[in-house]
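Here is a short note to read beside the model. Please keep the sequence open as you go.

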Amino acid sequence: MIPVDPQRFLDDLHHLRSFGASGVGKGVVRPAFSEADIAARDWLAGRMAEAGLMPAFDPVGSLFGLAEGPSLLLGSHSDSQPEGGWLDGALGVIAALEVARAAKEAGGPPLSVVSFQDEEGRFGVTTGSSIWGGNQALAEADTLTDAGGETFAAARARMAARAGDFVTPAQFTGFLEMHIEQGPVLDSSGDKIGVVEAIVGIRDMKITLTGQQNHAGTTPMALRRDAFQGMAAFSHRINDRFRNVVTPATVWTIGHVSLHPNASSIVPGRAVFSMQWRDGDTARLDRMEAIIRETAAEVAGEMGLELGFGPLLGLEPVAMDARLRGALEAGAEAEVPGGWRRMPSGALHDATNVARLMPVAMLFVPSIGGISHDFAEDTAEPDLVTGLRVLARAASALTG
């Protein structure tokens, strides 16, 4: 097994948290391309160099720490949600750094590290790894905008002085990603490790309903073309329409809503809202899309609203590689005999995109209370170290 240093790993993990520390618990505010995100990536590049790796930023801001010659790639992402936890993504990057550093100190094997950019979707869906994996073209991604209207092209220009070419995927033999579960299964079961069997697929798009902005006091209810009421009707109906299509594991969310002009005395003239759905079956995802479009059209027609759909973003379900997954399972059994389980990932991860280029596998550690994407996100440090040791065992077995 690669002789990792748990305290050095924890120290680096806590230091990374200082970039964008929220002041609330262990939370961080480190969205992609923010000052905190860029500063964190510069610090990570320095730590990679100290570990004997060659730091390399690609054109979209993803940071690689490259070993010489063919190598196994380890990592995740270091950007955060607008109000995020200290471990989401960051854990996988720092664990990868520690395993690669310890391997280098021990004379091998060669391991490389990556922190992908914009996994959290400020601009798209796992944007940095999606472009690298060939899921979308850079020119297409450059037109994506965040909630404030800034384009991906403008944001990545902040890192242009650091950027080199895209890293060649052919130099990597596979990819391992360590992550917090971001759900309650491990925490409630008492298991210490989850070995991922597959990552669900995801679809995401914006829907726009346009009615007639008008006076809230003088416009009779029967004569209103209220965009918000259209959105509310859509939300109510979609749950019923999905009933005979979805499974208990299927999820869908309206997570972002923008009303115009967003004033208490004005009937809303426009509602723009996100619609996201996730499932492990591609055919079910496609059927849900059809139902979403049909239901939105029905509501718009009944209520006299104009309807528009934004670009459909998404990724297909991905099964983990049997060989890499087997190495994680063996590592888990060695560290916590009988205290681990196989499980799906309901959250999306960079491994989904990387799977287009090479074999991939993932492991989870418990999330206290199942909480993530929140300042309260946390994992007990002994569980973090257990995950580190499992990752090190797997990396050693796959490169030995």
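1. Basis. This is a predicted model, with local features needing pLDDT of at least 70, side-chain atom pairs counting only at pLDDT 80 or more, and totals for chains, interfaces and linings using all residues. Residues are numbered from 1 along each chain as its sequence is written, and side-chain values use heavy atoms, with hydrogens and water left out.

2. Main core. Which residues touch the most other members of the largest nonpolar core? They are Phe9, Val99 and Leu176, in a core of 69 residues. Helix α3 (residues 90-105) gives the most to this core: 11 residues. A nonpolar core here is a set of buried Ala, Val, Leu, Ile, Met, Phe, Trp, Tyr and Cys residues joined through side-chain atoms within 4.5 Å. Buried means under 20% relative accessible area, exposed over 50%, and partly exposed in between (1.4 Å probe, protein chains only). Helices (H or I, at least four residues) and strands (E, at least two) are DSSP runs, numbered from the N terminus.

3. Around Leu176. Contact means heavy atoms within 4.5 Å. Neighbours within four places in sequence aside, Leu176 is in contact with residues including Leu72, Leu73, Leu74, Leu324, Leu328 and Ala361. Leu391, Ala394, Ala395 and Leu398 are also among its contacts. A separate core has 26 residues, including Val114, Ile202, Leu348 and Val360.

4. Helix α12. This helix (residues 381-399) has 19 residues. Its first and last C-alpha are 27 Å apart, close to the 27 Å expected at 1.5 Å a residue; the expected span is 1.5 Å times one less than the number of residues. Its buried residues include Leu384, Leu388, Leu391, Ala395 and Leu398. An α-helix has 3.6 residues a turn, so residues three or four places apart point the same way.

5. Aromatic pairs. Rings of Phe, Tyr and Trp (its six-membered ring) pair if their centres lie within 6.5 Å; planes under 30 degrees apart count as stacked, over 60 as edge-to-face and the rest as tilted. The count is 12 pairs. Phe123 and Phe152 are edge-to-face, 5.5 Å centre to centre with 70° between the planes. Phe123 lies in the loop between β4 (111-116) and α4 (127-132) and Phe152 in helix α6 (residues 152-156), so the pair ties together parts 29 residues apart in sequence. Both Phe123 and Phe152 are buried.

6. A second pair. Trp132 and Phe172 have ring centres 6.2 Å apart and planes at 65°, so they too are edge-to-face. Trp132 is in helix α4 and Phe172 in strand β5 (residues 172-180), so this pair ties together parts 40 residues apart in sequence. Trp132 is buried at 7% relative accessible area; Phe172 is buried at 6%.

7. Charges over rings. The rule needs NZ of Lys or CZ of Arg within 6 Å of the ring centre and within 35 degrees of the ring normal. Arg17 lies over the face of Trp86, 5.8 Å from the ring centre. Arg293 sits over the ring of Phe309, at 4.7 Å from its centre.

8. Two single residues. Is Arg323 buried or exposed? Arg323, in helix α10 (residues 322-335), is exposed at 52% relative accessible area. A polar atom of its side chain lies 3.3 Å from the backbone oxygen of Leu398. Ser76, in strand β3 (residues 71-77), is buried at 0%. Its contacts beyond four places in sequence include Gly89, Ser115, Glu177, His179 and Asp350.

Methods. Polar contact = N/O pair within 3.5 Å; in protein donor to acceptor, adjacent residues only side chain to side chain.
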